[in-house]
Amino acid sequence: MNLNLDFAAIFERWPAFLEGALLTLQLAFIATLLGTVIGVLGAIGRRSSHPIIARICGVYVEAIRNTPLLVQIFLVYFGLASLGLKFSAFTVAAAALTINVGAYTTEIIRAGFDAIPRGQIEAAEGLALSRSQIYWHVVMLPAIEKVYPALTSQFVLLMLASSVTSQISAEELTAVANYIQSDTYRAFETYILVALVYIVLSLVMRAGFWLLGLVIFPRRRRLGTPL
Amino acid sequence: MGGSLNANHLMFLGYGALWTIGLSLIGLLGGGIAGFVIALCRISPSRIVRLLSAGYVQLIQGTPLLVIMFLTYFGLPALGVTVSPLMAAGASLTIFVSAYLGEIWRGCFESVPKPQWEAAEGLALSRSQRMMKVILPQAVQIATPPTVGFMVQIIKNTSLASVVGFVELARSGQIINNSLFEPFLIYTIIAVIYFALCYPLSLFSHRLEMRGGRARIELEAA
């Protein structure tokens with residue numbers, strides 16, 4: 001083993017790493033936002049009394065959760081192309097990640113809905129709250145509050161998984177690393193550094209979600225329950 | 001280019017699927033052994049061992065598996081260590097799985113009720129006796145459903161071995177696609193095969209969870 005590591009040559013490229021990291025965060029942000037919307041709708045759909053809607057949502061969740069992200073990305077990439085639609089790699093990556101995380105979010109939020117005791121809803125009805133008030137204050141918010149930790153770790157996993165989009169040449173962090181290592185022949189240093197950047201990104205996301213949790217769930221803050 | 005999907009292609013895909021299963025087993029076995037050690041370290045009486053193992057888990061869980069794959073496949077040769085795709089993929093999966101299973105199993109050890117640990121101590125069992133005869137049998141029961149569930153993750157993640165040129169299911173799909181250029185059809189078939197591998201495990205894990213839940217409720221009612 002000839003250990004002559006030269007991290008300086010890699011550090012020089014920090015602007016490229018920074019750009020890649022920002023793109024990774026952008027991908028994660030878009031997919032998190034849209035994935036949450038899909039998740040809420042999907043969870044409502046899965047609990048729908050309409051059998052066909054519930055079935056469609058169930059098939060979506062199981063199909064996504066039981067196939068690899070890599071294959072999903074290729075399917076979206078080539079599927080759109082075969083329909084004659086041309087999008088940038090970034091758009092395709094964001095779409096594939098959204099579809100992917102939407103399924104996991106659906107399942108997590110559904111678990112939150114299921115955990116709302118029936119009595120709470122009956123109590124709200126007894127207090128003459130309107131249907132929409134009940135849905136928002138008694139079901140939705142407490143449900144999301146309950147599953148907030150699970151949701152946020154899913155979103156951190158999503159950020160890490162976005163590395164796979166380098167395979168359709170989205171220019172995010174891992175793609176930047178691949179380029180730099182082929183340019184400098186310093187594969188070991190490059191990937192060690194990139195691993196560290198990912199670790200920092202996941203810590204940043206965790207801290208961000210923790211702060212966000214304090215803002216959107218003030219009740220939890222008052223109770224002093226850890227998020 | 002040219003030609004259409006024929007039996008040879010399907011055979012090739014089947015062969016790839018076998019390697020996906022093989023690689024999953026390597027990951028499960030290697031990661032299982034290492035993960036068990038990690039889980040034990042995480043509940044060790046020594047503070048330093050606990051901290052080190054927690055640091056390991058944090059590092060690995062904060063790094064994408066893809067980067068670990070690249071690091072072992074491209075990074076180690078740069079240091080003068082030659083690795084084959086199989087070695088790189090197997091080692092990466094082992095490292096990745098060990099961090100997650102270690103964390104899952106730590107939770108299982110800790111959810112064995114405290115009085116069980118204390119009773120074992122009160123009966124003057126040695127540390128290893130307490131572990132083997134009292135804690136482990138109960139922890140295994142708690143651990144089964146999440147472990148089966150995690151096997152789905154392992155199978156899906158073996159697809160990333162394709163990026164280091166290991167010919168498993170996803171890679172064999174890419175190879176066929178290079179000659180036929182029918183990506184949508186081929187990747188749909190690949191997805192269906194992955195689904196056929198993973199879905200039974202998902203169902204099984206869910207069933208185990210339900211059964212476990214019921215057993216616990218019965219226990220509490222008794």
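**Loops, helices and the A/B contact**

Tutor: Let's start with Ser169(A), which is partly exposed at a relative accessible area of 45%. For these labels, buried means under 20% relative accessible area, exposed means over 50%, and partly exposed is in between, using a 1.4 Å probe and protein chains only.

Student: Before we go on, what are the ground rules here?

Tutor: This is a predicted model: local features need pLDDT of at least 70 and side-chain atom pairs count only at pLDDT 80 or more, while totals for chains, interfaces and linings use all residues. Residues are numbered from 1 along each chain as its sequence is written, chains are lettered from A and ligands numbered from 1 in the order in which they are written, and side-chain values use heavy atoms, leaving out hydrogens and water.

Student: OK, back to Ser169(A). Where does it sit?

Tutor: Ser169(A) is in the loop of chain A between helix H7 (131-161) and helix H8 (173-184). Helices here are DSSP runs of H or I with at least four residues, strands are E runs of at least two, and both are numbered from the N terminus.

Student: And what's its phi?

Tutor: Phi of Ser169(A) is near 55°, a positive value in a residue that isn't glycine. Most residues other than glycine have a negative phi.

Student: Which residue in chain B has a positive phi without being glycine?

Tutor: Phe181(B) is one, with phi near 50°. Phe181(B) sits in the loop between helix H7 (169-180) and helix H8 (183-221) of chain B, and counts as partly exposed at 48% relative accessibility.

Student: Zooming out, how many helices and strands does chain A have?

Tutor: Chain A has 10 helices and zero strands. The C-alpha atoms of chain A fill a box of roughly 75 × 50 × 30 Å along the principal axes.

Student: How much of chain A is buried?

Tutor: Buried residues make up 47% of its 227 residues. Looking at contacts in chain A between residues at least 6 apart in sequence, 77% join residues at least 24 apart. Contact means heavy atoms within 4.5 Å.

Student: Now H2 of chain A. Is Ala31(A) buried or exposed?

Tutor: Ala31(A) is buried, at a relative accessible area of 0%. Ala31(A) lies in helix H2 (residues 14-46) and, beyond residues up to four places away in sequence, touches Thr36(A), Leu97(A), Thr98(A), Val101(A) and Leu158(A).

Student: And Ile44(A)?

Tutor: Ile44(A) is also in helix H2 of chain A, but counts as partly exposed at 31% relative accessibility. Leaving aside neighbours within four places in sequence, Ile44(A) is in contact with Phe113(A), Tyr135(A) and Met140(A).

Student: Last one: how much area is buried between chain A and chain B?

Tutor: About 3100 Å², with carbon and sulfur atoms giving 75% of it. Buried area is the accessible area (1.4 Å probe) that two parts lose on being put together, summed over both. The contact takes 36 residues from chain A and 36 residues from chain B.

Student: Which chain A residues lose the most area to chain B?

Tutor: Asn66(A), Phe188(A) and Tyr191(A), which together account for 18% of what that side buries.
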